[in-house]
Amino acid sequence: MDHVHLAALDEEDLYSGYNDYNPTYDTEELENDVAFQQALRTSHGRRPPMTAKIPSTAAGVRPFGNMGARVPLNSSMGRPATGAIQDGIAVARPMTAVRAAGYSSAAYRGSAFDPLGQSRGPAPPLETKNEDTPEEKVKNLEKNVNELIEESCISNRCGDLQLALEKAKEAGRKERILVRQREQTASSDHINLDLTYSVLFNLASQYAANDMYAEALNTYQVIVKNKMFNNAGRLKVNMANIYFKQRNYPKAIKFYRMALDQISSSHKEMRIKIMQNVGVVFVKMGQYSDAITSFEHIMSESPNLKTSFNLILCYFAIGDREKMKKAFQKLIVVPLGIDEDDKYLPPNDDPHMNLVIEAIKNDPLRQMERERKAMAERFIMTAAKLIAPAIEASFASGYDWCVEMVKASQYVELANDLEINKAITYLRQRDFNQAVETLKMFEKKDSRVKSAAATNLSFLYFLENDFGLADRYADLAMNADRYNPAALTNKGNCVFARGDYEKAAEFYKEALRNDSSFTEALYNLGLTYKKLNRLEEALDCFLKLHAIMRNNAQVMYQIANLYEMLEDLTQAIEWLMQLISVAPTDPQALAKLGDLYDNEGDKSQAFQYYYESFRYFPSNIEGIEWLGAYYIDTQFCEKAIQYFERAALIQPTQVKWQLMVASCYRRSGNYQKALETYKDIHRKFPENVECLRFLVRLCTDMGLKEVQEYATRLKKVEKMKELREQRVKSGRDSSARGRREGSAGSENGQSNYVTSAKGERMSAKLKSLPGVNDPYETSNNKDIDASYVDPLGPQIERPRTAARKRVDEDEFADEELGDDLLPE
């Protein structure tokens with residue numbers, strides 16, 4: 001029995017100890033361990049010293065993990081003491097959860113207990129890599145090359161093409177160094193094909209971006225000819241694009257076809273795009289039949305908007321009416337790949353879906369859809385305007401066919417726009433009645449179309465000065481769409497024409513509130529403020545307009561004119577200088593600039609700009625007059641003759657220009673030519689008193705026999721002048737209505753020399769009339785009044801160089817000259 005009992009006990013001892021474990025490994029009770037939780041809360045918690053002693057036996061220290069006994073430990077560490085044991089005390093294990101990496105157990109061998117539980121002394125340094133090895137040099141070079149390629153691409157994206165090219169070249173140089181470095185190593189592969197391909201491809205792309213086409217082609221050839229590069233034949237598309245830019249169309253066709261041979265049929269989209277390029281090149285070459293073949297193949301395989309529109313253009317070029325119609329029908333059924341707009345309508349009962357729809361309503365995908373739809377509408381409108389006159393006998397019937405086709409398609413809303421375009425086409429053809437009739441058809445349409453049609457009608461009637469109808473249709477357009485800025489501007493124009501500038505300004509302001517970039521309203525508002533003499537506000541409007549339309553010459557002129565009205569001539573000159581930089585051949589701007597310099601007293605600059613204005617517009621009387629006066633002021637009368645002769649050609653009925661020509665001849669000493677000119681003037685204007693007086697004076701001074709004849713004519717003309725003046729005076733006295741200004745001399749063709757707007761700025765030689773009498777203005781015949789006024793004014797007196805006193809000219813003129821004193 002005992003034997004059996006002992007055997008049973010031994011059997012029990014076999015499985016004893018499996019449920020016994022060291023309490024240090026008890027993780028379930030860690031939440032209740034205060035010391036452990038304190039150590040977790042701080043990264044530098046102090047551990048209490050481990051004072052628990054391990055009971056020893058006679059055989060020595062009993063190792064941990066004996067399944068037959070439990071070792072009592074009163075430690076708060078929650079970890080087994082795995083360190084060295086000295087004198088029965090376990091050395092603390094380093095706190096690896098708190099302490100940084102770099103622990104070495106060698107530091108604890110033979111050391112005293114550290115109450116903080118931390119190691120003493122610094123951790124040994126990490127092992128450093130040796131960068132001098134060939135492998136590391138190769139890796140660094142590869143990294144540098146890749147970084148240069150990335151920097152080159154980024155620079156190209158930012159628009160700095162020169163820097164992108166420099167980076168690409170630097171990457172090429174580094175890559176060649178890398179190849180040599182690989183050859184020197186014992187590595188089996190001496191070249192990284194992907195990296196070499198990237199370097200060459202980027203370099204060729206940057207050459208092409210910088211318009212260095214020869215270098216780009218050479219680089220592409222290096223890639224294409226290297227058989228080690230897979231799919232390099234596709235780059236022939238890039239080479240063909242360069243030949244296209246160089247207008248070398250035959251080679252472009254050749255390389256596009258070579259690229260097609262390199263691309264498998266599985267890449268359908270790429271093949272379609274290349275064939276589209278082929279068709280465009282054929283169009284450039286004028287080979288429309290070949291282009292049609294390419295475009296028709298694309299339309300049968302994968303129809304798209306651009307190809308369809310190009311096909312219509314080719315059919316139009318060859319004049320095939322039926323095929324134009326078929327191509328237009330294909331254009332309006334090309335799938336856009338756009339979902340219906342109903343998906344963007346938010347359901348009222350789902351707040352979450354409302355938020356989602358609000359987020360995607362204007363996201364990039366939605367913007368792309370809008371752009372694609374707008375492009376389709378633009379193609380359809382352009383194609384309809386192009387083929388309408390060609391597909392039917394008349395333009396109107398062709399447009400009507402296009403409208404019917406569009407109404408039966410997905411672009412129903414375009415039908416009304418086509419009708420309005422039809423009316424605008426009538427306008428371009430000067431058929432105003434048909435345009436008005438077409439636009440009047442929209443009076444019963446929906447509000448948007450009605451407003452557009454009424455706006456056009458209003459502007460049409462405004463151009464015809466029918467302000468009543470213009471106002472009526474402007475009101476109709478505003479009632480249909482109150483936020484239509486064009487309708488508000490037309491209404492403002494009608495009010496402006498009636499002279500109510502304040503109300504017109506209000507309409508222009510309302511148009512700008514609806515569309516702040518509506519330039520017509522802003523320009524008209526500036527003109528309105530100018531009319532109201534609110535110059536600062538007008539200047540502010542035009543400066544805003546200049547910020548929108550940088551190179552608009554009219555806006556610049558208005559700004560310069562306003563600065564002139566504000567008496568800031570420096571700013572006016574500066575803005576006119578900007579104007580002539582945009583419109584260098586505008587004669588009015590050049591003349592105005594000369595006028596401003598004349599006001600400033602800078603005659604040389606004024607002459608330069610007046611002369612430039614005369615070159616571009618030689619029929620401008622003001623410029624001719626100023627240039628003639630300038631030469632007279634500078635004592636070059638013979639140069640002024642050509643300008644006055646041109647003025648006489650422009651205004652042949654104005655006698656003053658011919659009198660000025662004769663006076664210039666006389667002043668320059670050419671008396672014979674002056675006499676011939678005066679005689680010619682007398683033949684054209686026989687009743688001109690001034691011309692007869694000059695003739696009497698010159699004939700007397702030159703001793704010609706015709707003097708008596710001209711004197712007799714002068715007496716007759718003066719008597720007729722007196723009789724006319726008396727009749728005018730009596731008529732003025734008898735009737736209060738006869739306030740007619742002028743004199744009989746002007747009725748007889750005599751020049752009154754009306755002063756121009758320049759006034760004081762013009763030469764006194766032309767403007768200060770009547771002038772001081774000339775030395776030649778006397779006659780030995782006391783019965784004849786041969787006095788006259790020189791149209792060029794008095795001649796400048798020469799400096800007195802003689803010592804003796806000269807005889808006074810007036811006293812000399814009072815004396816009678818005998819026949820012996822006259823020249824023979």
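Buried means under 20% relative accessible area, exposed over 50%, and partly exposed in between, with a 1.4 Å probe and protein chains only. This is a predicted model, where local features need pLDDT of at least 70, side-chain atom pairs count only at pLDDT 80 or more, and totals for chains, interfaces and linings use all residues. Residues are numbered from 1 along each chain as its sequence is written, and side-chain values use heavy atoms, leaving out hydrogens and water.

**Exercise 1.** Find out how Y523 and F542 pair, and whether each is buried or exposed.

*Solution.* Start with the search of the whole structure, which finds 22 aromatic pairs. Rings of Phe, Tyr and Trp (its six-membered ring) pair if their centres lie within 6.5 Å; planes under 30 degrees apart count as stacked, over 60 as edge-to-face and the rest as tilted. The ring centres of Y523 and F542 are 5.3 Å apart and the planes stand at 85 degrees, so this pair is edge-to-face. Next, check burial: Y523 has a relative accessible area of 18% and is buried; F542, at 0%, is buried too.

**Exercise 2.** Work out the geometry of the pair F614 and Y643, and which aromatic cluster holds them.

*Solution.* The centres of these two rings lie 5.1 Å apart with planes at 65 degrees, so F614 and Y643 are edge-to-face. Both residues are buried. Finally, look at the cluster: F614 and Y643 belong to one aromatic cluster with F607, Y610, Y611, W626, Y630 and Y631.
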